[in-house]
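Here is a short briefing on one protein model. Keep the sequence and the 3D view open as you read.

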Amino acid sequence: MTVYERPGSSGSKIKVEEKYGHFIGGEFVAPKKGQYFENFAPQTGEVFTQVGRGTEEDIEAALDAAHNAADSWGRTSTTERANILVQIAQRIEDNLEDLAVLESWENGKAVRETLAADLPLAVDHFRYFAGALRAQEGSISEIDENTIAYHFHEPLGVVGQIIPWNFPILMATWKLAPALAAGNAVVLKPAEQTPWSILKVVELIGDLLPPGVLNIVNGFGAEAGKPLASNKRVAKVAFTGETTTGRLIMQYASQNLIPVTLELGGKSPNVFFDDVASERDAFYDKALEGFTMFALNQGEVCTCPSRALVQSSIYSEFMKDAVARVEKIKLGNPLDTETTMGAQASNDQLEKIKSYLDIGKQEGAKVLTGGEQAKLDGDLAGGYYVQPTVFEGDNSMRVFQEEIFGPVVSVTQFDDEADALKTANDTLYGLGAGVWSRDAGRAYRMGRGIKAGRVWTNNYHAYPAHAAFGGYKQSGIGRENHRMMLDHYQQTKNLLVSY
Ligand code: NAD
C-alpha cells in the first residue's frame, strides 16, 4: 500500500506553481486579459492553483501560432512525425507515476486507476498512432491506359479540440495523437474543472514538437470554447462532453461548414443473462465485477453501465451477490493505492449527483445500497464523495433515462432476449453496452442488436487504441481511436493524371 503525498507538498517532487498561463507557440504565456480562475482538488475541496482564464483574444493568438506552424508540420515526413509521437509516448511513460498522481490529485480519481489505466493508455495511444501513420497507404486506380487516379492523404490544417474533465490526460491524448500524426496543428481547450494536468504534460513534452503545433488555451465554455469552435480559421472541431453542449458545437461548426467529431453522453445498459449464474465460478465472478463498473472512475465515464438489466429467473440471487460486491468498493483518499473509488471531480458534479439521488427516491426507485453523499474524516471532510448507489426500478424512470455521471446504477429485470433488447434500446443514447452470457450465440445476437457504438461482451471498460469508439443516436457523431481516425483528421486529395 502506498499513500502518495499531495502535489506541491514538501514530501512530493511534483511542483505546483501559484499560477499557470496558456501554452501558445511553444511557450507558457499569460492570458491576454490577465485573468485567472481557481483550480480545486476534489479530494479535499481546497484551491491548489490558479489557471489562465482564456478569452477570444487568447484563442486568436493560439490560432495565429497554429497557422504559422501548420504548413511545415504538415509537410514533415511521416517517419519524422511518427518518431516524435514515439518520443512523446516515451517521455510520458518515463514520468508515468508522477503524472498518474497529479491526474488523480486534480480530478479526484483513484490513483490505482490512473497508474494502471489512464496513463498507460495515453502512452499506448501515442505509440499506436505513430504506427498507424507509418502503415497508412494511399491508392492508385488505373482509369485507362493513359490516365491514373492517385489518392493522397493531406492534413486538414488547424483543428480545434475541446475536452471534458473525467479523463483529462487520456481525453487529450485521444484527440492529440491522431490529429498530430495526421499532420495537423492543434488548439486544445481542456475543461475548466481540470485545466492543470494537461499543462503538466505539456511542460514535459512541449519541446518535442515545433512551436505552434500544439497549443493549449484554458478557460470556460462560453468564453474560450465557443470562440474556438465557431472560428473560421479552424478546419475541424473535435469535441467530447455533454449532449447538450454537442448540439451547440454542431451549430457553431455548421456556420463554417466544417466537420465535427462529437463524443457525447450515454446511459449504457449492462445485460446479465440467466446462464451467468449457472455456476459460481470465475465467469460468475467476472460478471459481478462487470456489474460494479458503473462506479469505475466514480461513475464519471460516458460509457458507465448505468443501467443494469438482469434476467428475472436469477434476479434475486444475482442482485444479492452484486450488492455485496458493490459494498466492497473502498471509497477514500484518491492518492491511496488501496482506494478503489475516489472523489467526484467537482462540487457542481457532487450536487448534480445528489439531486439525482433525490429524484430516484421521489419517483419510487428502491435504494438497494448507498443513496447518500459520503462524509469522510480529517482533511478529506471537505471533499466531494458519494456512496456507490444501486437503484431498483423501471426503465421509464428518470434515473434510468438521464445521464447522472456518478456512481449510480439503476437495475431492472427482463424475461427473455427480446425483452432485454427492447429495454436496452429504450434510450436516447447509444454509446456503450455490456452483454454477459456463456452462450456465444446469444451474446452475439444481443451485441449486434443493441444500438450502441461499443458493446463489450463478457468484459467491460477495456479501451484498446485499435478498437473504434463512438456513439449511435444522441451519443455522438464520428469515431475515435482505431487507425480510421487518421482519415477523420485528413482530406483526401485526388490527382487525376493523364500521361
Ligand atoms: P460539458 O459539455 O459541460 O463540457 C465539455 C467541454 O466543453 C468543456 O471543456 C467545456 O468548457 C466546453 N464547453 C461547454 N460549453 C461550451 C460551449 N458553449 N462552447 C464550446 N465549448 C463549451 O461536459 P463535461 O461536464 O465536461 O463532461 C461530461 C460529459 O462528457 C458527459 O455527458 C459525458 O458522457 C461526456 N463524455 C463523453 C465521452 C465520449 O467519448 N462519448 C467521454 C467522456 C465524457
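Which helix gives the most to the shell around the ligand? The answer is H7, with five residues. This is a predicted model: local features need pLDDT of at least 70, side-chain atom pairs count only at pLDDT 80 or more, and totals for chains, interfaces and linings use all residues. Residues are numbered from 1 along each chain as its sequence is written. Helices (H or I, at least four residues) and strands (E, at least two residues) are DSSP runs, numbered from the N terminus.

**Around the ligand**

- The shell around the ligand holds 30 residues, and Pro164, Gly221, Gly225, Gly241 and Glu263 come nearest. A residue is near a molecule or strand if its C-beta atom, placed from the backbone, lies within 6 Å of it.
- Helix H7 (221–229) and helix H8 (243–255) each supply at least two residues of this shell.
- By type, the shell divides into 14 nonpolar, ten polar and six charged residues. Here Ala, Val, Leu, Ile, Met, Phe, Trp, Tyr, Cys and Pro count as nonpolar, Asp, Glu, Lys and Arg as charged, and the others, Gly among them, as polar.

**Helix H7**

- The buried residues of H7 are Ala224, Gly225, Pro227, Leu228 and Ala229. A residue is buried if 20 or more other C-beta atoms lie within 10 Å of its own, exposed if 12 or fewer, and partly exposed in between; C-beta atoms are placed from the backbone.
- Their cover includes helix H1 (56–75), strand E8 (158–162), strand E9 (185–189), strand E11 (236–240) and H8.

- Glu263 lies in strand E12 (residues 260–263). An unreviewed UniProt entry places the feature "active site" at Glu263. UniProt positions are given in the numbering used here, feature names are shortened, and annotations may be inferred rather than shown by experiment.
- Why does Glu263 count as buried? Glu263 has 27 C-beta neighbours inside 10 Å.
- Leaving aside neighbours within four places in sequence, Glu263 is in contact (C-beta atoms, placed from the backbone, within 7 Å) with Thr240, Cys302, Gly470, Gly471, Gly476 and Glu480.
- Thr261 is also in E12. Thr261 is buried, with 23 other C-beta atoms within 10 Å.
- With neighbours within four places in sequence left aside, the contacts of Thr261 are Ala238, Phe239, Ile477, Gly478, Glu480 and His488.

**Strands that pair**

- Three strands form an open sheet in the order E1-E5-E4, with mixed pairing. Strand E1 (19–20) and strand E4 (36–41) stand at the edges, each with a single partner strand, so one side of each has no neighbour in the sheet.
- Two strands pair if DSSP finds at least two bridges between them. E1 and strand E5 (residues 46–52) run parallel, joined by two bridges. Lys19 has Gln50 in E5 as its bridge partner.
- Strand E13 (residues 269–272) and strand E14 (residues 307–311) pair in the parallel sense over four bridges. Asn270 stands opposite Ala308 in E14.
- Both faces of E13 are covered. Pro269 and Val271 are buried on one side, Asn270 and Phe272 on the other.

**The largest nonpolar core**

- This core has 148 residues. A nonpolar core is a set of buried Ala, Val, Leu, Ile, Met, Phe, Trp, Tyr and Cys residues joined through C-beta atoms within 7 Å.
- Ala66, Leu85, Ala181, Val186, Val187 and Phe272 touch the most other members. Helix H4 (residues 111–135) gives the most to this core, with twelve residues.
- Not counting residues up to four places away in sequence, Leu85 touches Phe126, Phe129, Ala130, Ala177, Leu180 and Ala181.

Key:
Two residues are in contact if their C-beta atoms, placed from the backbone, lie within 7 Å.
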